[in-house]
Amino acid sequence: METQTSIKNSTSKKIKLDFKDSKYATGRRKRSIAKVWVKKGSGVIHVNGKKMNEYFKRPVHQIIVMRPLELSNIATSYDVRASVKGGGLSGQAGAIIHGLSRALVLHDGNLKQTLKKEKLTTRDSRVVERKKYGHRKARRSFQFSKR
């Protein structure tokens with residue numbers, strides 16, 4: 001037992017990132033909240049202490065997260081650190097996009113026009129509709145029988 005815990009502790013190293021002169025923004029999507037820090041660098045993206053490729057295994061999510069950087073043609077000139085919690089992976093990727101684009105606008109005001117045109121700085125307010133009583137789901141009713 002003791003050897004297994006020591007192996008786990010040695011493999012999960014905490015990545016220390018220096019983000020002293022960086023810009024911070026918060027992004028939200030569905031139930032997810034992302035705290036995003038952006039600073040000049042070499043284009044490395046960390047999500048919850050892991051590299052983006054390790055955290056988001058699906059290529060779709062990786063493309064979504066990279067979208068604000070690629071639209072503004074600065075994919076390799078900023079380092080990004082994101083801390084995200086709540087929701088699923090799609091909601092978390094959407095929250096990171098929102099926070100990342102807001103932080104980029106704070107860092108460089110010239111990017112606001114291109115990111116706003118693609119609606120990346122606006123919060124996507126669509127959430128799951130609640131289930132109502134007397135219904136099977138949010139809108140689906142039970143089968144009605146006349147006789």
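Because the model is predicted, local features need pLDDT of at least 70 and side-chain atom pairs count only at pLDDT 80 or more, while totals for chains, interfaces and linings use all residues. Residues are numbered from 1 along each chain as its sequence is written, and side-chain values use heavy atoms, with hydrogens and water left out.

**The sheet.** Begin by selecting the open sheet of 5 strands, whose order is β1-β2-β5-β3-β4 with mixed pairing; strands here are DSSP runs of E of at least two residues, helices are runs of H or I of at least four, both numbered from the N terminus, and two strands pair if DSSP finds at least two bridges between them. At its edges are β1 (23-29) and β4 (50-51), each of which pairs on one side only. Next select β2 (residues 32-40) and β5 (residues 78-85), which run antiparallel and are joined by 8 bridges; one of the residues to look at is K40, whose bridge partner in β5 is Y78.

**Helices α3 and α4.** Where they meet, α3 contributes H61, I64, V65, P68 and L69, and the α4 residues include L89, S90 and A93; contact means heavy atoms within 4.5 Å.

Select H61, which lies in helix α3 (residues 59-71). At 4% relative accessibility H61 counts as buried, where buried means under 20% relative accessible area, exposed over 50% and partly exposed in between, with a 1.4 Å probe and protein chains only. Leaving aside neighbours within four places in sequence, H61 is in contact with F56, L89, S90 and A93.

**Aromatic pairs.** A search of the whole structure finds 2 aromatic pairs, counted when ring centres of Phe, Tyr and Trp (its six-membered ring) lie within 6.5 Å, with planes under 30 degrees apart called stacked, over 60 edge-to-face and the rest tilted. Y24 and W37 form a tilted pair, 5.1 Å centre to centre with 45 degrees between the planes, and this pair links Y24 in strand β1 to W37 in strand β2, 13 residues apart. The rings of Y55 and F56 have centres 5.0 Å apart and planes at 90 degrees, so that pair is edge-to-face. Y55 is buried at 18% relative accessible area, and F56 is buried at 0%.
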